[in-house]
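I opened the notebook for a quick pass through this structure. The entries follow in the order I looked things up.

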Amino acid sequence: MRPAIWALAAAFVLILVGIGHAGSTLIEPFIGEYKGSADVVNADGSSAPRDMSVEISQNADGFNVTWSSTTYKPDGRTKEKSYSVDFLTTDRAGVFSAAMKRNVFGHAVQLDPMKGEPYVWGQIVGDTLTVYNLFIDATGGYELQQFDRTISEGGLTLEFSRLSNGKEARTVETFLEKQ
């Protein structure tokens with residue numbers, strides 16, 4: 001009986017290693033640093049110039065996506081935002097959970113959208129890496145951001161959209177050149 005238990009345990013470990021390896025193989029074509037700029041179009045039709053960058057790297061448990069944007073205001077002010085998220089493989093092929101904080105046991109876990117924190121996950125389908133951010137506000141409304149980064153010759157094509165309670169609030173489409 002014991003050899004059967006050991007064989008079953010070994011098979012389970014190999015399956016988990018295979019899941020992790022499959023995730024690392026999917027991210028490899030995206031690894032790199034990319035930069036570009038675009039005019040961000042708001043729901044009211046107005047637009048603002050923005051510089052954007054993203055760095056995608058592999059780590060021991062999955063991969064990391066770090067992105068930033070600099071918005072240029074008409075009065076000359078600038079507004080900079082940066083985000084960095086680690087993604088872990090899941091038991092679903094091509095779907096990745098975000099590891100944005102550690103629990104009391106030191107395990108990477110998702111944030112809690114019911115506390116106003118973003119719920120983030122990723123997906124790779126073919127040559128597109130998509131990152132989703134879901135925010136739930138204090139009244140129960142929501143905002144969903146979607147970043148599609150598609151491999152293109154010389155870099156990535158970025159398509160960003162933001163829905164607020166089901167209505168399109170902002171879109172961006174641009175090319176990010178590989179550095």
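Which strand holds Gly122? I found Gly122 in strand 8, residues 119–125. I note that the model is predicted.

**Gly122.** Next I asked: is Gly122 buried or exposed? Its relative accessible area is 0%. Gly122 therefore counts as buried, the cut-off being under 20%. I then listed its contacts, leaving out residues up to four places away in sequence. Gly122 touches Phe87, Gly94, Val95, Phe96, Thr130 and Val131. I also checked Gly122 against Asp148, 26 residues apart along the chain. Their C-alpha atoms are separated by 9.9 Å.

**Core.** I turned to the largest nonpolar core, which has 25 residues. Which of them touch the most other members? I got Val54, Ile56, Val65, Phe87 and Leu129. Phe87 was already in my list of Gly122 contacts. I followed up Val54, again leaving out residues up to four places away in sequence. Val54 touches Gly32, Glu33, Tyr34, Val65, Thr66, Trp67, Arg149, Leu156 and Leu176.

**Pocket.** I counted 31 lining residues. Arg50, Ser69, Lys81, Tyr83 and Gln145 lie nearest the centre. By class, the lining has 16 nonpolar, seven polar and eight charged residues.

Which strand gives the largest share of that lining? Strand 2 does, with five residues. I noted the strands that each supply at least two lining residues, among them strand 1 (32–42), strand 2 (47–59), strand 9 (128–136) and strand 12 (167–178).

Definitions and conventions
Residues numbered from 1 in each chain as written. Predicted model: local features only at pLDDT ≥ 70, side-chain atom pairs only at ≥ 80, totals over all residues. Heavy atoms only, no water. Core = buried A, V, L, I, M, F, W, Y, C linked by side-chain atoms within 4.5 Å. Buried < 20%, exposed > 50% of the residue type's maximum accessible area, 1.4 Å probe, protein only. Contact = heavy atoms within 4.5 Å. 1 Å grid on protein atoms, 1.4 Å probe; cavity = no way out; pocket = protein on both sides within 12 Å on 5 of 7 lines; lining within 4 Å. Helix = DSSP H or I, 4+ residues; strand = E, 2+ residues; numbered from the N terminus. Nonpolar A, V, L, I, M, F, W, Y, C, P; charged D, E, K, R; others polar.
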